[in-house]
Amino acid sequence: MAADFAATRAMFQLPDGVIYLDGNSLGPLPRGAAERVAACITAEWGGMLITAWNRAGWIDLPRRLGDRIGRLIGAEPGTVVLGDTLSIKVYQALASALELRPGRRVILSDTGNFPSDLYMADGLVRTLGQGYELRTVAPEAVEAAITPDLAVLMLTEVDYRTGRRHDMVRLIAKAHDAGALVVWDLAHSAGAIEVDLAGAAADFAVGCTYKYLNSGPGGPAFIYVAPHLADRVRPALSGWLGHEAPFAFDLDYRPGTGIERMRVGTPPILQMAALDASLDIWDRVEMPDVRARSITLSEAFIQGVEAACPTLELASPRDPEARGSQVSFRHPEGYAIMQALIAAGVIGDFRAPDILRFGFTPLYTTMEEVEAAVGILAGIMATSAWDRAEFRTRAKVT
Ligand SMILES: *Cc1c(COP(=O)(O)O)cnc(C)c1O
């Protein structure tokens, strides 16, 4: 059955007078999430107190939600678990992958990666010592830089600035041939494009849920470990809820079965309640339909902007297959232009040094909105409405 995007849009609470093209950074509020969180607070926390861990199933939420997300990223049942933030999950996946390649010392990543992923890798390298090394090359040079000394290839599939997409299947095959493992960051992939972790023979993957998956600010991250590795992984962040028997309170750490061992501490139940409700919307669609619609919307946006705004330069790949679900344009005054756009009711965001970024999220973005956004942007560019001091003042979050 074809996806009914009018029905999914009605399941979000979107402010009047706003065209939201930033769901790639923070998804909007699903109506069901407001209700679910309220019920979780009042009926579960308020009414059941600590018994809710069993009676409301809180303790199993990280696994149950993992399976719901697994469907969207081609993961086998029982291979995904929720918890912590994405930066933590990057560290955890990378540490585990390195430990599975004890004779090797090199982590390879690219200069288009999100800085937090590189910072976490750098911190891990400093903690490990022993000659570990983080090597970064340009995104286009990754394939050629896969050498036999590589322990782990750590990449974000879709570039947060340009939307450029790595060839996951090809890079995994190349890395495996060289004897390395691969850690994928799916921050801009989960809910954005079709991902087939099992089919691609992925080893580790991580991602966040507050972008395309709409779990709200600070929503928990997820981690995937391939079934053949899950029971061999030794968690570096060996918290009690990843223990084989947390309530035995043993003094010695024994990892839990499979993906359970990637849990760390007490999960954020209120955020998970929001995510659970958000995933009810995702259950109504299939990723190929979402992807097809995303391409239709983003192609229309590119055509419209290129026709009406000659000074904006496309920073994303022109081939939709080589992009994620966002489109970026460059302009030296990108920050001020984005502020003017936001003031006019079109919300995208800015990424230094000169990127205007727009996310396309078929669950709630319509073609009429895309066309209207192009018109508003064209007006701002034609009149230089952005050229005002108030639009140049940088806020803490861009
Ligand atoms: C959004 C994003 C993050 C953010 O990490 P948090 O720990 O959730 O703040 C990390 N890596 C990538 C690639 C991202 O896109």
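Guide: β8 (181-185) gives the largest share of the lining of the second largest cavity, three residues. Please note that this is a predicted model, where local features need pLDDT of at least 70, side-chain atom pairs count only at pLDDT 80 or more, and totals for chains, interfaces and linings use all residues. Residues are numbered from 1 along each chain as its sequence is written, and side-chain values use heavy atoms, with hydrogens and water left out.

Visitor: What makes a residue part of the lining of the second largest cavity?

Guide: On a 1 Å grid over the protein atoms alone, a cavity is a set of points where a 1.4 Å probe fits but cannot get out, and lining residues have an atom within 4 Å of a point. V90, D117, M154, L155, V183, W184, D185 and V206 therefore count as its lining. β7 (150-156) and β8 are the elements that give two or more residues; such strands are DSSP runs (E, at least two residues).

Visitor: How many of the residues in that lining are charged?

Guide: Two are charged, six are nonpolar and none is polar. Asp, Glu, Lys and Arg count as charged, Ala, Val, Leu, Ile, Met, Phe, Trp, Tyr, Cys and Pro as nonpolar, and the others, Gly among them, as polar.

Visitor: Why is the largest cavity said to lie between two domains?

Guide: Domain 1 (5-29 + 286-392) and domain 2 (57-282) both give residues to its lining, so the largest cavity lies between them. Those bounds come from an automatic or database domain assignment. Its lining includes G191, W282 and F360.

Conventions: On a 1 Å grid over the protein atoms alone, a cavity is a set of points where a 1.4 Å probe fits but cannot get out, and a pocket is an open set with protein on both sides within 12 Å along at least five of seven lines; lining residues have an atom within 4 Å of a point. Helices (H or I, at least four residues) and strands (E, at least two) are DSSP runs, numbered from the N terminus.
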